[in-house]
Amino acid sequence: MPYTEALAMRDYLAIAKKYNLVVDGLPSNLKAAHFYIQNNICYAGNEQKDNEFKAAVAEYKHLEMKGKKYSVIVPESVDAMIKEGMDMHHCIASYIDMVCRGAIVLLLRKTEAPDESLVSFEVDENGEFVQIKGKYDADIEQTEDDSENNEIIAFLLKWRKKKFEKG
């Protein structure tokens, strides 16, 4: 392993240890893993930012919805956003400032496993989907052959109708 990669690995594992994050000890793409961990810890331990974040998400707590198979939940804290980013291998924690300024970021979970990351998504103030992301930043879209994605999209459309459409 070249010297720079060894340093990147050392930093990656040190950050994970410092913030008690569960990471892949031998990531297949060290550069990407290092990038995600750096983005995702941007506000770790920042109490002021955490309080600001909690106040912002409290404004849209009413958007939560529990279904038989899936549930929409609000990320409760900066730490929840960091955990989501690490679990999903994407940069959702880089959205912390945007949430503090009014962006709406929500999490989709299987109702029976509310602590396990499944989908992260953003909607605008009218409930229109800005992005719907799975693990490794994969787009969640309706397809002809992926029944889980189709189930997820169907649930999110039902959620949007219930939470945003009048009448």
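Predicted model: local features only at pLDDT ≥ 70, side-chain atom pairs only at ≥ 80, totals over all residues.
1. Helices (H or I, at least four residues) and strands (E, at least two) are DSSP runs, numbered from the N terminus. On that basis the protein chain holds six helices and five strands, and from the N terminus on its elements run α-α-α-β-β-α-α-β-β-β-α.

2. Residues are numbered from 1 along each chain as its sequence is written, while side-chain values use heavy atoms, with hydrogens and water left out.

3. Along its principal axes the C-alpha trace of the protein chain spans about 60 × 45 × 25 Å. The accessible surface (Shrake-Rupley method, 1.4 Å probe; for residues, only the protein chains shown count as cover) comes to about 10000 Å², and 50% of this belongs to carbon and sulfur atoms. Of the 167 residues, 43% count as buried, where buried means under 20% relative accessible area, exposed over 50%, and partly exposed in between, with a 1.4 Å probe and protein chains only. Taking a contact as heavy atoms within 4.5 Å, 57% of the contacts between residues at least 6 apart in sequence join residues at least 24 apart.

4. On charge, Lys and Arg count as positive and Asp and Glu as negative, whereas His and the chain ends are not counted; each charge is placed at NZ of Lys, CZ of Arg, CG of Asp or CD of Glu. The mean positions of the 22 positive and 29 negative charges are then 4 Å apart.

5. A nonpolar core is a set of buried Ala, Val, Leu, Ile, Met, Phe, Trp, Tyr and Cys residues joined through side-chain atoms within 4.5 Å. The largest such core has 47 residues, of which Tyr 60, Leu 106, Leu 108, Phe 121 and Trp 159 touch the most other members. Helix 6 (residues 147-164) gives the most to this core, with six residues. Leaving aside neighbours within four places in sequence, Tyr 60 is in contact with Val 74, Val 99, Ala 103, Ile 104, Val 105 and Leu 106.

6. Ile 152 is buried, with a relative accessible area of 2%, and, not counting residues up to four places away in sequence, Ile 152 touches Tyr 70, Leu 108, Leu 118, Val 119 and Ile 140. Asn 149 is also buried, at 12% relative accessible area, and with that same exclusion of residues up to four places away Asn 149 touches Asp 139, Ile 140 and Glu 141.

7. Glu 84, in helix 4 (residues 78-88), deserves a look, as a buried residue with a relative accessible area of 1%. Beyond residues up to four places away in sequence, Glu 84 touches His 89, His 90, Ile 92, Leu 107, Arg 109, Ser 117, Val 119 and Ser 120.

8. Ser 71, which lies in strand 2 (residues 70-73), counts as buried at 8% relative accessibility. Among the residues that Ser 71 touches, not counting those up to four places away in sequence, are Leu 107, Leu 108, Arg 109 and Phe 155. Ser 71 and Trp 159 are 88 residues apart in sequence and 9.2 Å apart in space, C-alpha to C-alpha.

9. Most residues other than glycine have a negative phi, and most peptide bonds are trans. His 89, in the loop between helix 4 and helix 5 (96-100), has a positive phi near 60° and is partly exposed, with a relative accessible area of 28%. Asp 137, in the loop between strand 5 and helix 6, has a positive phi of about 65° although it is not a glycine, and is partly exposed at 34% relative accessible area.

10. Asp 124 sits in the loop between strand 4 (119-123) and strand 5 (129-133) and counts as partly exposed at 24% relative accessibility. Leaving aside neighbours within four places in sequence, Asp 124 is in contact with Ile 104, Val 130 and Phe 164.
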